[in-house]
Amino acid sequence: MIIATKISEVRAQVAAWKKEGLTVGLVPTMGYLHEGHTSLVDRAGKDCDRVVASVFVNPTQFAPGEDLETYPRDFDHDCALLEAHGCHLVFHPEVEEMYSQDAATFVEILSEMPKQLCGKTRPTHFRGVCTVVSKLFNIVTPDKAFFGQKDAQQLAVIRRMAEDLSYPVEIVGCPIVREKDGLAKSSRNTYLSETERKAALVLSKAVFLGEELAGQGERDVKQILGAMRKLIEEEPLARIDYVSAVDGVTMMPVENMQGQILFAVAVYIGKTRLIDNFIWKG
Ligand code: AMP
């Protein structure tokens, strides 16, 4: 596996692969990798001849006061996992390589989409995500890029951006990978104390409950959200950010069970904000 820290190295390697007629898949990550991330690498390896993963804690998607400085990092472990899953190149740039000091250009979706759900508490988050993913698309020029359904709004935002900016990249969404007890895997789970880790199960329990109710034929969105909310509120360590149902493409709130609906939750467990979701298709 090649470890590249410079944009020019990535460009040269990808150019060589493309000259051989090989296809390239990109898996963008912030590192501290787990089976959620490696499931994307596995899928990329099935779909593409060469797999590039990026490990970059992107400062522009963090607001002041968020966890940029404390975000967990373990690059050696990340490399071992990536190599074991057949990744061909890991791009691990310094912040200065990605953003020059006078960088002044952002990629921002101007509809209501990035202001919904996580955008309410993190108003500049998706601008940072779109900017860095756009840069990664320009650097790696992948045929396909792989994102987790765990970050459902991010996936919807990236799909919008890729279409609006005519990126010749197929966006592939991959299923949520969970711990045995149901908790969605996340690099941020490492922040949880033992008691918080137990309390965090309310997210997946609420998601499974909502999914079960919808599966049993409940067609009242408010009833489903109410049941999910109630379950979370019973956990003293949990503080709800949102429990919402939105259109699966536009991310706008819905009241009726029609089309593709994203049921999404964001909950603080202590100081740690966790997310989870399920999709219902009519
Ligand atoms: P992150 O490193 O948190 O920015 O995540 C990088 C990519 O991995 C994103 O596309 C995430 O949606 C995806 N991802 C993170 N956790 C999971 C998970 N539990 N299951 C599936 N994909 C995940």
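## A ligand and its surroundings

Helix H2 gives the most to the shell around the ligand, supplying three residues. This is a predicted model, in which local features need pLDDT of at least 70, side-chain atom pairs count only at pLDDT 80 or more, and totals for chains, interfaces and linings use all residues. Residues are numbered from 1 along each chain as its sequence is written, and side-chain values use heavy atoms, leaving out hydrogens and water.

Helix H2 (35-47), strand S2 (24-29) and strand S5 (144-148) each bring at least two residues to that shell. Helices (H or I, at least four residues) and strands (E, at least two) are DSSP runs numbered from the N terminus.

There are 17 residues around the ligand, and His37, Gly148, Asp151, Val177 and Lys185 come nearest; a residue is near if one of its heavy atoms lies within 4 Å. By type, the shell holds eight nonpolar, six polar and three charged residues.

Here are some distances between ligand and protein atoms:

| Ligand atom | Protein atom | Distance |
|---|---|---|
| oxygen | polar backbone atom of glycine 148 | 2.9 Å |
| oxygen | side-chain N or O atom of aspartate 151 | 2.6 Å |
| nitrogen | backbone N or O atom of valine 177 | 2.8 Å |

Taken alone, the ligand exposes 490 Å², and the protein buries 92% of that (Shrake-Rupley method, 1.4 Å probe).

Now to the chain as a whole. Its domain assignment gives domain 1 (2-174) and domain 2 (187-277), with C-alpha centres 26 Å apart. Their contact (heavy atoms within 4.5 Å) takes 22 residues from domain 1 and 20 residues from domain 2.

Conventions
Polar contact = N/O pair within 3.5 Å; in protein donor to acceptor, adjacent residues only side chain to side chain. Nonpolar A, V, L, I, M, F, W, Y, C, P; charged D, E, K, R; others polar. Domains from an automatic or database assignment.
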